[in-house]
Number of protein chains: 4
Amino acid sequence: VTPRSDLQALVEAVTFAPGYTRSVGTKVHSVEAGSVTLTLDRTPELLQANGYFHGGVIAGLADHAAGGAVTTALPPGKFAVTICLQINFMSAANGQSLLARAKAVRVGSTIGVAHVDVTSLRDGAERLCATATVTLRVVELPAKLAPDRAAGAP
Amino acid sequence: VTPRSDLQALVEAVTFAPGYTRSVGTKVHSVEAGSVTLTLDRTPELLQANGYFHGGVIAGLADHAAGGAVTTALPPGKFAVTICLQINFMSAANGQSLLARAKAVRVGSTIGVAHVDVTSLRDGAERLCATATVTLRVVELPAKLAPDRAAGAP
Amino acid sequence: VTPRSDLQALVEAVTFAPGYTRSVGTKVHSVEAGSVTLTLDRTPELLQANGYFHGGVIAGLADHAAGGAVTTALPPGKFAVTICLQINFMSAANGQSLLARAKAVRVGSTIGVAHVDVTSLRDGAERLCATATVTLRVVELPAKLAPDRAAGAP
Amino acid sequence: VTPRSDLQALVEAVTFAPGYTRSVGTKVHSVEAGSVTLTLDRTPELLQANGYFHGGVIAGLADHAAGGAVTTALPPGKFAVTICLQINFMSAANGQSLLARAKAVRVGSTIGVAHVDVTSLRDGAERLCATATVTLRVVELPAKLAPDRAAGAP
């Protein structure tokens, strides 16, 4: 079993690598094997014309959380990449931040599935704004994300 | 029938309003009633750790194109907002830009559906990297997007 | 609030009306406002070549349960019809019966959403074989399903 | 390349094996590598309370056609099984028969994807009643469906 600190390090390595998730400000709230929670604070660059988080931003956060949930449930050296994503938008994402809780509901040797609840946090109250189901394929962990690098080993 | 130039103005007004679609650099390639094509150039902020466009960025582009395709097929004064989005990732989006072609396949008084093909353009060759089906709900056009403003009238 | 016995009567009226759900042998296990559980026993006509329940049969059961879950959460006189259905097949449905538990997760005036877990029951043990998310549209209750008829009133 | 007659024989073997697709009366209209069209005539056992084809029946036909489309695009000895299915219901399936046209849009070594259009045929006119996207996993062809048996060889 991979130690929880290594799982957290792996999710953070992927999330904070230069690119989209880092540039929008994704934070890693918590990580356990099969379960990842991410948050994202509201900034003007993430909104629609109506002032709510854009659907693509919500989908991206859900996708990334799902990838983490399934990857952390896989044996070391394996990685999950999204095949398909289905997301329902339930209510306006009009809060100060988003919270995506992903949970792996199936983890096989080739396919994984995660469910994600995305809430919008406004004045301390959470409201469900989207739910997603993400189906992923299991591949080899890219070399640049190998545990020793991810964990910051020399 | 709404003139095509007004449809283009409406899609541009939504796309270029301050927020996500503008900040990532979305361009409006072409607009017809029921059919919208958007493009998005590669920048480091839009990529995953592996150097490809992030799934959330692809989903966001598809979502936005679908909204445009259905909205432009609606009577004036109506607007389409996404209820649910389903997207399949087909191949690595490793090109210099993305191209999302959305087409309304059903337009009713309360519900619309659009199909979207997203290609990745690399060295002049297009490759299908995702297909999406987006289901939308018909609402009143938000006042700030009303035709006279959208068309730039005083 | 509609009495629970009326909700059960309504779901049974729809399920046992002549047609598909009746002909395959769908049973109504339990009904509450926003929550419906159906079961379906294995018969040769419901299987694939490999001896498991066919995906279409699983999808049909999930769809019907979702319709019940959302309809029973609506005000009297309203009815939910499916706009789109997304289902993930998790494991072989190789049991003696299927059990579909649907729960409404969003109920609005025009759109409802239900999540459904489908398990396969084999030798007393339940195993998750599919999860579905169903998006529905709210319409007027068809006259033939009006409460007095559904409840068996003369 | 597998001869077209063998592909047709394979799809027919799966469709006409004892079980769901045979019992509802599924017909194999045409088969090419990556492309399968099935039809299904209206019978009382396939309908909803409102007299239209049940959503589960439509989903099952789409699923089966998609499996055929991807399987016939695979190398001999491989078979495609559904991971997830997404279907949008567009209009009432109120015709005398259904027609499902599936086309493989991606065929990889482990994953395939097919798009399916389902039309309802009424008095000679076809109307689009559903579109589906089906994602499948590539597995070994079950022994009982091996080409020599499928083709009726001794």
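Okay, let's start with chain D and chain C, which bury about 2,100 Å² between them, with 60% of it on carbon and sulfur atoms. Buried area here is the accessible area, with a 1.4 Å probe, that two parts lose on being put together, summed over both. On the chain D side, the residues losing the most area to chain C are D:Y20, D:A49 and D:H54, together 26% of what that side buries. As for contacts (heavy atoms within 4.5 Å), 29 residues of chain D touch 29 residues of chain C.

A quick word on ground rules. This is a predicted model, where local features need pLDDT of at least 70, side-chain atom pairs count only at pLDDT 80 or more, and totals for chains, interfaces and linings use all residues; side-chain values use heavy atoms, with hydrogens and water left out. Residues are numbered from 1 along each chain as its sequence is written, while chains are lettered from A and ligands numbered from 1 in the order in which they are written.

So what do the helices do where chains C and D meet? Have a look at helix 3 (residues 55-71) of chain C and helix 3 (residues 55-71) of chain D: their axes come within 8 Å and cross at roughly 150°. That makes the two helices, helix 3 of chain C and helix 3 of chain D, roughly antiparallel, a label for angles over 145 degrees, with under 35 roughly parallel, 65 to 115 roughly perpendicular and the rest oblique. The axes are lines fitted to C-alpha atoms, for helices over the stretch in contact, and angles run from 0 to 180 degrees between N-to-C directions. Helices (H or I, at least four residues) and strands (E, at least two) are DSSP runs, numbered from the N terminus.

The crossing of helix 3 of chain C and helix 3 of chain D is right-handed: right-handed is when the near helix is turned clockwise from the far one by less than a right angle, left-handed when anticlockwise. Which residues meet there? On chain C they are C:G55, C:G56, C:A59, C:G60 and C:D63, and on chain D they are D:G55, D:G56, D:A59, D:G60 and D:D63.

Zooming in on chain C, strand 2 (residues 35-41) and strand 4 (residues 97-107) run antiparallel, joined by 7 bridges, and C:V36 sits opposite C:A102 in strand 4.

Still in chain D, 5 bridges join strand 1 to strand 2, antiparallel, with D:S30 opposite D:T37 in strand 2. Those two strands of chain D form a hairpin with 2 residues between them, and D:G34 in the turn has a positive phi of about 85°.

On to chains A and B. Here 30 residues of chain B are in contact with 29 residues of chain A. The area buried between chain B and chain A is about 2,100 Å², with carbon and sulfur atoms giving 60%. B:Y20, B:A49 and B:H54 supply 27% of what chain B buries against chain A, more than any other three residues.

How do the axes of helix 3 (residues 55-71) of chain A and helix 3 of chain B cross? At roughly 150°, coming within 8 Å, and helix 3 of chain A and helix 3 of chain B are therefore roughly antiparallel. The crossing of helix 3 of chain A with helix 3 of chain B is right-handed.

Last one: in chain B, strand 3 (residues 78-89) and strand 6 (residues 125-140) pair antiparallel over 11 bridges, and B:T82 stands opposite B:L136 in strand 6.

Conventions:
Two strands pair if DSSP finds at least two bridges between them.
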